[in-house]
Each structure stands twice: as structure tokens, then as C-alpha cells.
Amino acid sequence: MTNSAPQANNYRKLALVTSGQLSSDGAGVKLTRLIGNSELSMLDPFLLLDVFQSDKPQDYSGGFPSHPHRGFETVTYMLAGRMRHKDNAGNEGVISANGVQWMTAGRGIIHSEMPEQESGLLKGFQLWVNLPKKHKMTTPHYQEFAADKITVEKRSDGGEIRVISGSTNNNATGAVVNNYVKPTYLHVTLPANASFEQNIAKADNTFIYMISGHLCIGDSTEKLDKNQLGILTEGTSVKVVTNTATSFLLVSAMPLNEPLARSGPFVMNSKAEIIQAYSDLQNNRF
Ligand code: MN
């Protein structure tokens with residue numbers, strides 16, 4: 001080895017590609033469950049990823065009426081339409097395209113998530129981020145950022161990176177403050193024939209969800225197409241190359257590697273803690 005030996009790149013590759021499973025949740029909201037289904041139960045620390053996308057009011061008008069959560073965080077990111085969050089800690093707000101609601105359920109919160117529209121396209125994502133064992137019972141917290149409060153890194157090729165959380169390679173940093181799991185959550189839009197790189201901690205679990213277009217991962221010809229979720233191998237950097245205009249989410253975080261017990265809206269570390277959650281809910285301790 002000499003000092004001038006070229007450094008081998010360590011680009012992540014595609015480990016798994018999925019289109020998720022059609023499902024419904026809340027009061028009949030039609031959605032595609034990409035993570036948290038029978039095929040892919042989780043991608044530690046990500047417990048669930050839903051995409052909802054419809055211009056038919058009957059697919060979304062029921063929304064997600066009042067329901068509890070304990071033990072993790074819910075992240076709603078909108079692409080079209082409007083969504084109202086309201087919880088029993090006194091937080092309330094409406095976001096529209098490119099806005100984010102980041103709720104830390106912690107020891108327990110009861111909230112509703114309702115479409116603020118009677119017609120038109122509703123499109124967005126909900127991601128569940130697990131909390132570390134020692135912070136599962138933290139005080140509930142809510143952060144909301146409208147599109148104009150989201151950091152946008154403009155690229156010289158006309159592309160842009162919306163930084164919801166974490167930082168880009170050029171140190172554009174998202175507004176969301178994360179004290180527990182600190183995910184990188186980027187919404188990247190690129191023109192055709194562009195290349196994009198993002199440094200990632202080697203042990204992170206990382207996925208890309210394709211909103212539009214298609215792209216190649218790393219230096220390979222492995223392709224990811226519209227509406228597909230690609231889970232990436234271990235590595236210190238993500239590189240994508242486009243030959244069409246594309247838009248995608250890049251989300252990454254360090255796995256917790258802790259025991260998991262989940263039941264509906266509660267995600268804890270043991271069965272006993274799940275039973276306690278139901279008991280606390282019934283006894284108005286949320
Ligand atoms: Mn919820």
C-alpha cells in the first residue's frame with residue numbers, strides 16, 4: 001500500500017426492491033404499506049412506511065380519527081393536498097405540499113390526522129421511527145414545518161434537495177430537531193443525466209423511495225423505478241445516476257438493535273410494556 005493508492009469507493013448497492021402491499025388504515029384510507037407489512041416487517045429503526053396517493057375523496061376522506069401512540073415517532077411528509085394534525089397535548093396544525101409533521105409520541109399521545117380537503121389529490125408519506133429503549137417513555141413532543149421553513153439546497157444542475165432532517169454533503173441542515181434517533185431524511189429532485197452523492201454512516205439502514213422517474217444505484221446498472229422502495233447494502237456513501245428527471249426520498253438511520261414488541265399503535269420492548277400501554281390508555285393515563 002502506498003499513500004497514493006486510489007481509495008476504493010464504498011457505494012451502497014441495492015439489497016432489496018419492493019413495491020409494498022396495498023392496505024388501508026385509519027377510517028378506510030387507502031395506502032401502500034412499504035415497510036411494516038408481511039413481506040418486510042421493519043427496517044430498524046424504521047417500523048413503518050406508508051405512501052398514500054389518491055384524487056378520489058372516498059380513498060382518503062375518512063382520515064385517521066383520534067388514536068393513541070406510544071414508544072416511537074411518526075413523521076408525515078406531504079407532496080400534495082393538506083393534512084391536519086391535532087393531539088391531546090394541545091398541538092394542532094395543517095401542512096400542505098413539502099411540509100412535515102414530526103411527532104414524538106414518547107410515553108403516550110392521542111392524535112388525529114385528517115385530510116383538510118374534500119376533493120383533489122392527496123399524496124404523502126408516513127414514516128414511523130422507533131425510539132431507543134431508554135427514551136420510549138419520554139415526554140410527547142410535536143414539530144411542524146411548512147414548505148417555506150424546510151431547507152432547500154439548490155444544485156448547479158437545476159436539481160434540489162429538500163432537507164427534512166440531517167445534513168447534505170454540502171452541510172445544508174434540516175429544521176427538525178432530533179434528540180433520539182437522528183435520521184437523515186432528504187427529498188431529492190434531479191434532472192436527467194445527473195449524479196448525486198450523500199455520505200452515510202456505514203452501519204445505517206438506508207432506503208430510497210422513487211416518487212417519479214428512475215435511476216441507477218452506485219456505479220452499477222441496477223435500476224430503481226417509480227413507486228419502488230429500494231433498500232441499500234451497507235456502505236459509506238450513496239450514489240445515484242439519472243437518465244430521466246427523478247424525484248425520490250433518501251432516508252437513513254442507525255439501527256437500534258433492541259428487542260421489539262409491537263401491537264397496533266404501540267411499539268415497546270416487551271410484551272409486558274404493551275399490556276401496560278393498553279392499561280394506561282384505558283385508565284386515561286395518556
Ligand atoms: Mn397516528
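1. The seven-stranded sheet. In this predicted model, seven strands make an open sheet, and their order across it is E2-E3-E4-E11-E6-E9-E12. The pairing in this sheet is antiparallel. Strand E2 (21–25) and strand E12 (141–145) are at the edges with a single partner strand each, so one side of each has no neighbour in the sheet. From one strand to the next, the twist averages 20°.

2. E2 and E3 are joined by five bridges and pair in the antiparallel sense. To find this place in the structure, look for Ser-23, which stands opposite Leu-31 in E3.

3. The four-stranded sheet. Four strands form another open sheet, in the order E5-E10-E7-E8, and here too the pairing is antiparallel. The edges are taken by E5 and strand E8 (92–95); each has a single partner strand, so one side of each is left without a neighbour in the sheet. The twist in this sheet averages 20° from one strand to the next. Strand E7 (residues 83–87) and E10 run antiparallel and are joined by five bridges. Lys-86 has Ser-112, in E10, as its bridge partner.

4. The manganese ion. Which residues hold the protein donors of the manganese ion? They are His-67, His-69 and His-111, each through NE2, and Glu-113 through OE. These donors lie 2.1 to 2.4 Å from the ion. Along the chain they follow the spacing H-x1-H-x41-H-x1-E. Distant parts of the chain are linked in this way: His-67 belongs to strand E5 (residues 64–69) and Glu-113 to strand E10 (residues 109–115), and the two residues are 46 residues apart. Both His-67 and Glu-113 are buried.

5. The largest pocket. The space in the largest pocket is about 300 Å³. It is lined by 20 residues, and the closest to its centre are Asp-25, Phe-64, His-67, Gln-126 and Trp-128. By class, the lining has eight nonpolar, seven polar and five charged residues.

6. Where the lining comes from. Strand E3 (29–35), strand E4 (46–54), E5 and strand E11 (122–130) each give at least two residues to the lining of the largest pocket. Which strand supplies the largest share? E5 does, with four residues.

7. A cis peptide bond. Most residues other than glycine have a negative phi, and most peptide bonds are trans. Is the bond from Asp-44 to Pro-45 cis or trans? The bond is cis, with omega near 10°. Pro-45 is located in the loop between E3 and E4.

8. Two residues with positive phi. Asn-193 is not a glycine, yet its phi is positive, at about 60°. Asn-193 sits in the loop between strand E15 (184–190) and strand E16 (195–199). Its relative accessibility is 65%, so Asn-193 counts as exposed. Asn-227 also has a positive phi without being a glycine, in this case about 75°. The loop that holds Asn-227 runs between strand E19 (223–224) and strand E20 (229–232). With 32% relative accessibility, Asn-227 counts as partly exposed.

Conventions:
Residues are numbered from 1 along each chain as its sequence is written. This is a predicted model: local features need pLDDT of at least 70, side-chain atom pairs count only at pLDDT 80 or more; totals for chains, interfaces and linings use all residues. Side-chain values use heavy atoms; hydrogens and water are left out. Donors are N, O and S atoms within 2.8 Å of the metal (3.2 Å for Na, K and Ca); water is not among the atoms, so sites may look incomplete. Buried means under 20% relative accessible area, exposed over 50%, partly exposed in between (1.4 Å probe, protein chains only). On a 1 Å grid over the protein atoms alone, a cavity is a set of points where a 1.4 Å probe fits but cannot get out, and a pocket is an open set with protein on both sides within 12 Å along at least five of seven lines; lining residues have an atom within 4 Å of a point. Grid points are joined across faces, edges and corners, and a volume is the space filled by probe spheres set on the points. Ala, Val, Leu, Ile, Met, Phe, Trp, Tyr, Cys and Pro count as nonpolar, Asp, Glu, Lys and Arg as charged, and the others, Gly among them, as polar. Two strands pair if DSSP finds at least two bridges between them. Axes are lines fitted to C-alpha atoms, for helices over the stretch in contact, and angles run from 0 to 180 degrees between N-to-C directions.
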